[in-house]
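Please read the notes that follow with the structure open beside you. Each point takes up one place in the chain and is meant to be followed on the model itself.

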Amino acid sequence: GIFHTDLNGFNFDTHTFRDDMPVQSQVFPMPTLASIEDDNMRMTVLSEHAQGTASLLDGEIMVWLDRRLNQDDDRGLGQGVTDNVPIRTRLRVIVESEGYQTEGMEFEITPLCRRMWDELNQPLLAFGKHVYKDAATARNEMKDFSMVGSSGLAVTSNHDRLMKGHKMLFDDTTPIIPIVIMTFQRIDYLKKLIQSIRDSDADISRVPIIISQDGDIPEMTAYIDSLHGEFNVKRIVHPYSCYEHPDDFPRDKSGRLNKGFAGDSYGNPRDGKVTCCKHHFTWMLKTVFQDLEFDIDVESFLFLEEDYVLAPNFYETLVHGLELMKDHKLPDNEIFFGLALDPTNGGTENEPNLKEDSFYASAFISNPVVIERTMFANFLKNSRIFCTYDDYNWDWSIVHMQELKKLPRVILSPSKIQAKHIGVEGGMHKMSPHKMKEVKSTDFPADFHPTIALETHELEPPRLQKNFGGWSHPKDHEHCMKTLGIL
């Protein structure tokens, strides 16, 4: 058959299939376009960058997105092609039944095809600057941000520039922040959390979701596996879970580890089930930062437990918050420990009475929290304190490290809640689905778009909190340090 390709986006070539030539001689460059047609229909494939193309059968266009070679092809490179990396490719297929002629004229694209080609290959470009102002001023000064395209000039706000529908517009500069979820057996809680991510502004095809299981629980595993294809999901399993080790360490139902053990700070014997969460968190933190590999550079991770749900625009909040953490200077050269999403600390406090759409500095108490690689390195350096502190709560163990000034104590928080706690009964291992708090997307702020305006408040000086105990056994200390590679 006959098919057409463009040469440079302006001129076109016509090709005729020859069955006396090898396949490789029938493949042609396709800078932006390939098209086939007959008397009744034309099909055109548009691309945003160059590909290879062929039409080896009537009614068919083949597009080569990439190629790999284990040996040199004698075309000047001098080596094989094996260093391919994933890239984004956008194609458009246009099928037309009118507006073109097949005989007596050189190939030309139709007005409809031209418009589609313009939108694909000459996209709108955003130019602007970040302005640290309150929400009202930012909305009134929309001229700070403008978008210029081939069809003219349009003006949009910072939020409109970042959003398309209710999803963020991702480009090469948008930070990818994987979501790390620590789970136990509460599958109903996890489903609520996943649905909140599905309904949010995060691009679920690009943002990795890492689900860390405390044991290979069949029902939970089956649900996580069902998410593949819709989400960019990865499942990891804690190898020393209480679920898979009920009779030996760490669960130790028989209590063998209590023989000769004097008890914790309060004289209580070791209760294996309360140690499970801290052991799981320790392994998960180390695995995420040191063992997992990603196709892109990832510097920050959002950590949360399964009994939270996220706000519809939580990802926009993360992006703005990380930018502010990087640019804003705290007094006395202090740095941020991380970025929080729940200023109420699990519903135990009220939201701060601050300006709308702003961030503020506060003290870290609990999850969800974004932690950067540099902060994990600081944690690892002083992790012996974490592993030997007599508190079965991983978050309060981190607070203790902050009180000792081994980690920064300041957390950056949005002024409006972006993650809500839905668990009623405390602890990772309490399962009461019928008591789960019902949280809807309408329960979050309807129009919260932080403008990177920071409210600075005096923080109370660090004071040593009373520990909760449950983590005094030498076996727990030793296992924690071995997990982190410091013993």
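1. Let us begin with helix α4, which covers residues 187–198, and helix α5, which covers residues 218–226: their axes come within 10 Å and cross at roughly 15 degrees. Angles under 35 degrees count as roughly parallel, and α4 and α5 are therefore described as roughly parallel to each other. Please keep in mind throughout that this is a predicted model.

2. The crossing of α4 and α5 is right-handed. On the α4 side the contact is made by Ile187, Leu190, Lys191 and Ile194, while α5 brings Glu219, Met220, Tyr223 and Ile224. Sorted by class, the contact of α4 with α5 has 6 nonpolar and 2 charged residues, with no polar ones.

3. A second pair to look at is helix α6 (residues 272–291) with helix α10 (residues 394–403), whose axes come within 9 Å and cross at roughly 65 degrees. Since angles of 65 to 115 degrees count as roughly perpendicular, α6 is roughly perpendicular to α10. The residues that make this contact are Cys277, Lys278 and Phe281 from α6, together with Trp394, Ser397 and Ile398 from α10. By class, the contact of α6 with α10 has 4 nonpolar residues, 1 polar residue and 1 charged residue.

4. How many of the 10 residues of α10 are buried? The count is 9 of the 10, so α10 is largely enclosed by the rest of the structure. The buried residues of α10 are Trp394, Asp395, Ser397, Ile398, Val399, His400, Met401, Gln402 and Glu403.

5. After α10 comes lysine 405, whose phi is positive, near 65 degrees.

6. Finally, please look at aspartate 476, which is found in helix α11, residues 474–484. Buried means under 20% relative accessible area, and aspartate 476 counts as buried because its relative accessibility is 0%. The side chain of aspartate 476 makes a polar contact, at 2.8 Å, with the side chain of histidine 279. If its neighbours within four places in sequence are left aside, aspartate 476 is in contact with Phe249, Arg270, Thr275, His279 and Trp471.

How values were computed:
Residues are numbered from 1 along each chain as its sequence is written. This is a predicted model: local features need pLDDT of at least 70, side-chain atom pairs count only at pLDDT 80 or more; totals for chains, interfaces and linings use all residues. Side-chain values use heavy atoms; hydrogens and water are left out. Axes are lines fitted to C-alpha atoms, for helices over the stretch in contact, and angles run from 0 to 180 degrees between N-to-C directions. Helices (H or I, at least four residues) and strands (E, at least two) are DSSP runs, numbered from the N terminus. Angles under 35 degrees count as roughly parallel, over 145 as roughly antiparallel, 65 to 115 as roughly perpendicular and the rest as oblique. A crossing is left-handed if the near helix is turned anticlockwise from the far one by less than a right angle, and right-handed if clockwise. Contact means heavy atoms within 4.5 Å. Ala, Val, Leu, Ile, Met, Phe, Trp, Tyr, Cys and Pro count as nonpolar, Asp, Glu, Lys and Arg as charged, and the others, Gly among them, as polar. Buried means under 20% relative accessible area, exposed over 50%, partly exposed in between (1.4 Å probe, protein chains only). A polar contact is a pair of N or O atoms within 3.5 Å; within protein, one must be able to donate a hydrogen and the other to accept it, and residues adjacent in sequence count only if both atoms are side-chain atoms.
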